Amino acid sequence: MKYKRVAQDTAQMLISYLTYQAAKLVITQLYETNPGLGIWLSEFSSTDRVQDGELYLEALMQEDRELALRLLTVREHLAEEVVEFLPEMVKTGIQESNVGHRRRLLERMTQMVPPESSSNEDMLSNDNVLEAETDTDEEEEQD
């Protein structure tokens, strides 16, 4: 497995997510200060291009440079505040999630085992009944 590639892909995903969070924050601010522009940015951001933060910013640069620059500033600030906590939070989050998934899997596996219906003696007596019936059937066939 190429860990460097996984790290690059993860970083790109995180960058796009921080772009999305920056857009949400700016939209919220604009709703309070400039509702018309907030509505416009909200509609602009509702397209699928926000999935790729870089393409989203490129498109926004063509539409409104000031808003794009504002988003860049907010995204950078978010990254500075969040990145410090991420390594430990990710490790802890994955460990806790894995424990939870394993616990639920174990619970499901143990619930799937059919309960013991009765004691061994009952099973043996049932077997004796079946043997007796079989013997009776064989005797009737011989007659």
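Student: Which residue forms a salt bridge with Glu54, and how far apart are the closest N and O atoms?
Tutor: Arg75 does, with the closest N and O atoms 2.9 Å apart. Bear in mind that this is a predicted model.

Student: Where do Arg75 and Glu54 lie?
Tutor: Arg75 is in helix H4 and Glu54 is in helix H3.

Student: Is Arg75 buried or exposed?
Tutor: Arg75 counts as buried because its relative accessibility is 16%, and the limit for buried is under 20%.

Student: And what about Glu54?
Tutor: Glu54 has a relative accessible area of 34%, so this residue is partly exposed.

Student: How many salt bridges does a search of the whole structure find?
Tutor: The search finds 3. Besides the one between Arg75 and Glu54, there is Arg5 with Asp9 and Arg103 with Glu107.

Student: What are the closest N and O distances there?
Tutor: For Arg5 and Asp9 the atoms are 3.3 Å apart. For Arg103 and Glu107 the value is 3.6 Å.

Student: Where do those two pairs sit?
Tutor: Arg5 and Asp9 are both in helix H1, 4 residues apart, about one turn of the helix. Arg103 and Glu107 are both in helix H5, which covers residues 86–112, and they too are 4 residues apart, about one turn.

Student: What share of the residues counts as buried?
Tutor: Of the 143 residues, 17% do. The accessible surface comes to about 11,700 Å², and 55% of that area belongs to carbon and sulfur atoms.

Student: What about contacts across the sequence?
Tutor: Taking contacts between residues at least 6 apart in sequence, 50% join residues at least 24 apart.

Student: How many residues are in the largest nonpolar core?
Tutor: That core has 18 residues. Val26, Leu41, Phe44, Tyr56, Leu60, Leu67 and Leu71 have the most contacts inside it.

Student: Which helices supply the core?
Tutor: H1, H2 (35–45), H3 (53–63) and H4 (65–82) each supply at least two residues. The largest share, 6 residues, comes from H1.

Student: Pick Tyr56. What does Tyr56 touch?
Tutor: Leaving out residues up to four places away in sequence, Tyr56 touches Thr19, Ala23, Leu41, Phe44, Ser45, Arg49, Val50 and Leu71.

Student: Which residues of H3 are buried?
Tutor: Gly53, Tyr56, Leu57, Ala59 and Leu60 are. Their arc around the axis is only 165°, which puts them on the same side of H3.

Student: What do the buried residues of H3 pack against?
Tutor: They pack against H1, H2 and H4.

Student: And which residues are exposed on the other side of H3?
Tutor: Leu55, Glu58 and Gln62 are exposed there.

Student: Switching to the surface: which residues make the nonpolar patch of about 340 Å²?
Tutor: Leu14, Tyr17, Tyr20 and Val83 make it.

Student: Where do Leu14 and Tyr20 stand on accessibility?
Tutor: Both are partly exposed: Leu14 has 30% relative accessibility and Tyr20 has 34%.

Student: How far is Tyr20 from Arg75?
Tutor: Tyr20 and Arg75 are 55 residues apart in sequence and 8.6 Å apart in space, C-alpha to C-alpha. Arg75 is the buried residue that forms the salt bridge with Glu54.

Key: Residues numbered from 1 in each chain as written. Predicted model: local features only at pLDDT ≥ 70, side-chain atom pairs only at ≥ 80, totals over all residues. Heavy atoms only, no water. Patch = residues over 30% accessible without salt bridge, like charges linked within 9 Å, V, L, I, M, F, W, Y side chains within 5 Å. Areas by Shrake-Rupley, 256 points an atom, 1.4 Å probe, with all protein chains shown as cover. Salt bridge = Lys/Arg side-chain N within 4 Å of Asp/Glu carboxyl O. Buried < 20%, exposed > 50% of the residue type's maximum accessible area, 1.4 Å probe, protein only. Core = buried A, V, L, I, M, F, W, Y, C linked by side-chain atoms within 4.5 Å. Contact = heavy atoms within 4.5 Å. Arc of directions from axis to C-beta.
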